[in-house]
Amino acid sequence: MELVTIAKRNSRIRKFGTKLGRSKYLIFMIIPAIVFYIVFNYIPMYGITMAFKEFNPRLGILGSPWNGIENFIAVFEEPKFWVAFKNTLIIGSVKIVISFLGAVLVALLLNELRMRRTKKTIQTIVTFPHFLSWVVVAGFVISIFAYHGAINSIIEIFGGTRINFMKDTSFYFGAYFLSDIWKEAGWGSIIYLATMAGIPQDQYEAADIDGANRLQKIWHITLPGIKPTAILLLIMSVGGVLSAGFDQILNLTPEMYMDQVGIIDTYIFFHSIRGTDGAGVGTAIGLFKSVISFILVITVDRIAKLCGERGII
Amino acid sequence: MKKDLIDRLPLRNKRSSRENRIQGLDIVICVILVIYAFLIIFPFWNAFVISISSENAYLTSNLLLWPTELDLSAYKEVFSNDQLWGGFGITMILLIGGTTYQLFFTVITGYALSRSNWTGKNLVMNMILVTMFFGGGLLPYYHLIKTLGMMDTIWVMIIPGAIDTFNMLLMRNYFASLPKEMEESAKIDGANDIIIFVKIFLPLSLPMLATIGLFFAVGNWNSWYNAYVFITNRHDLWPLQMVLRTMISKISSNIEKPDAVDAFSQGLTMASIFFTIVPMMCFYPFLQRYFVKGIVVGAIKG
């Protein structure tokens, strides 16, 4: 009896061994990926424990003493953090709405444009800014809104006086939204254009026979046609609402205004990494941000499913 | 060429002539789009005019739509600026070395994950997918880089970026869509997985490789964030964009005295901006379709 079991087990091990042997080259190819994901993704996940520790660089993550939720209390009692939190919510949600509307509008206009050459040229022009870095775009914003820049010159031509935009903190919110649309609307439209191209042509033909005009066709065929894509992209963008464009804001905002017009990520960066808040507090904020993002995605996904749409989870 | 011809053929010749005529609405749409395109181009033009104007012209004229006093000293300065050329060198290392490195690891991972049924494949796949939704956050990552001793080295801008999950999945889906019979017949002929990958699947996926490679190349050309966060002491390791960033933030932090433009930094900065974007402007119109293909394929399959 015993012998039979052992023999069975051995043969199973041997089978497993030959299976492994047969795919040894594929496993050889995947090993670097496993190493990279463990080192650069899973070890930082373990690093989240710093949120519950009083981190001391000399002792390392393991050696540092636990301090419960003290880091979180320290953050939540800091009014500057709540300013950053409020800014993040405003900037993130306005950006989702305007970038969605901008992309759909550009896609609709391009889709309706029947001059093929012009369409191609315009598409090339409007998608290009996506490939600029925020460093360059920030350079453009600063040059256009500078004291001697184009906008001030136009103001002067119309009899106004030059304004020092950069000194006004509310200018930065406008700059975030405008530059985001300028840079991404054209690129964002591509996906909607592709979806529009996939809408069956017979629907439009049927509408033609029924005597529908172009606006009616857009409203009753094109827009419902892109709805599933739009909802999918919206759900995905909700996950990034609390990220709100870290690299954009790092480039557009002078450091001295970070506390007034910055976001959660810039708060972590300038208070924990460059500042004196300590790694524990910074990690705690990061964790807080991830948890809220996760809840937001789940909630929006549920709502979409309740409304009869396909979710992502 | 042939494809263009097919594109131009009328798909529905049954359409009434009323439909094919250019209507009022078409003109409105065209005008709106042309204005939009103009607004996209304007910052480039404005920056270009500032970069070739003299300081005097910039400060006195109302709206610089056309260069009034030509002055190329900004470009002379840019081309003799050691810091910019140093940054250019680092960026070229990232562009060539980094792109090759990322392409290699992303593609072999995508291939391995596209083949059916090897032991542990699902586990690895799930392990990778989880990282798309959860992450440690900025601080644990910063701590990791510090522990690995990569602070203030060029490696921090290259090594961690080995595999881009989104592009890897794109590649995986592409490999999976190729017919499996090729692999089976090659196996019968005695080829192993590496030979099959190199001799059969790689040559078939060159367009996809070009798409992904271009995205990596643009990312490396625009790279500044890693340098900004992790390279704080070795300024000689800064890539081009980071050097440019320091020049721009010098202007933007000069808020209190907007009138005092020291050494005409505006013109110099705009010239440097052109130094960094002209290569992309030259290539983009020809490569646009690869980029578009990447996002469209990714959206439909991913």
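## Chain B overall

Of the 302 residues in chain B, 36% are buried (20 or more other C-beta atoms lie within 10 Å of a residue's own, with C-beta atoms placed from the backbone). This is a predicted model, in which local features need pLDDT of at least 70, side-chain atom pairs count only at pLDDT 80 or more, and totals for chains, interfaces and linings use all residues. Residues are numbered from 1 along each chain as its sequence is written, while chains are lettered from A and ligands numbered from 1 in the order in which they are written.

Chain B has 15 helices and 0 strands (DSSP runs numbered from the N terminus: H or I of at least four residues for helices, E of at least two for strands).

Where do they meet? In chain B, 7 residues of domain 1 are in contact with 8 residues of domain 2 (contact: C-beta atoms, placed from the backbone, within 7 Å). On the domain 1 side, helix 3 of chain B gives the most, with 4 residues.

## A helix pair between chains

Let's now look at chains A and B together. The axes of helix 7 (residues 134–144) of chain A and helix 14 (residues 240–252) of chain B come within 9 Å and cross at roughly 25 degrees (axes are lines fitted to C-alpha atoms over the stretch in contact, and angles run from 0 to 180 degrees between N-to-C directions). Helix 7 of chain A and helix 14 of chain B are therefore roughly parallel (angles under 35 degrees). Among the residues making the contact are A:Val135 and A:Ile142 from helix 7 of chain A, and B:Leu244 and B:Arg245 from helix 14 of chain B.

Notes. Two residues are in contact if their C-beta atoms, placed from the backbone, lie within 7 Å. A residue is buried if 20 or more other C-beta atoms lie within 10 Å of its own, exposed if 12 or fewer, and partly exposed in between; C-beta atoms are placed from the backbone. Angles under 35 degrees count as roughly parallel, over 145 as roughly antiparallel, 65 to 115 as roughly perpendicular and the rest as oblique.
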